[in-house]
Amino acid sequence: MQINRLTQQIQFIIEIDRLKQVIRQTLLTDGSRWENSAEHSWHLAVTAEYTTLTNKID
């Protein structure tokens, strides 16, 4: 059972790594280059985690 779970986790990590190849149609806030989907997803995840940790949600 553990090996199956580990395999699924590794497959998920490989899949999310592919997000680096997806170029979004959004410039970075400083306008220096286009943002990729992995950067966007990371920023969203960090924002969600920070919001959850700093605000009590009932």
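1. Residues are numbered from 1 along each chain as its sequence is written. In this predicted model local features need pLDDT of at least 70, side-chain atom pairs count only at pLDDT 80 or more, totals for chains, interfaces and linings use all residues, and side-chain values use heavy atoms, with hydrogens and water left out.

2. Asn 36 is found in strand 2, residues 34-36 (strands are DSSP runs of E, at least two residues; helices are runs of H or I, at least four; both are numbered from the N terminus). Asn 36 is buried, at 15% relative accessible area (buried is under 20%, exposed over 50%, partly exposed in between; 1.4 Å probe, protein chains only). Leaving aside residues up to four places away in sequence, Asn 36 touches Leu 19, Lys 20, Val 22, Ile 23 and Arg 24 (contact means heavy atoms within 4.5 Å).

3. Asn 36 also caps the N-terminal end of helix 2, with a side-chain oxygen 3.0 Å from the backbone nitrogen of Ala 38.

4. The 18 residues of helix 2 should span 26 Å at 1.5 Å a residue, and the end C-alpha atoms are 26 Å apart, which agrees (the expected span is 1.5 Å times one less than the number of residues).

5. Asn 55 lies in the segment after helix 2 (37-54) and is partly exposed, with a relative accessible area of 40%. The C-alpha atoms of Asn 55 and Arg 18 are separated by 32 Å, the two residues being 37 apart along the chain.

6. Ile 14, in helix 1 (residues 2-17), counts as partly exposed because its relative accessibility is 46%.

Terms used
Polar contact = N/O pair within 3.5 Å; in protein donor to acceptor, adjacent residues only side chain to side chain.
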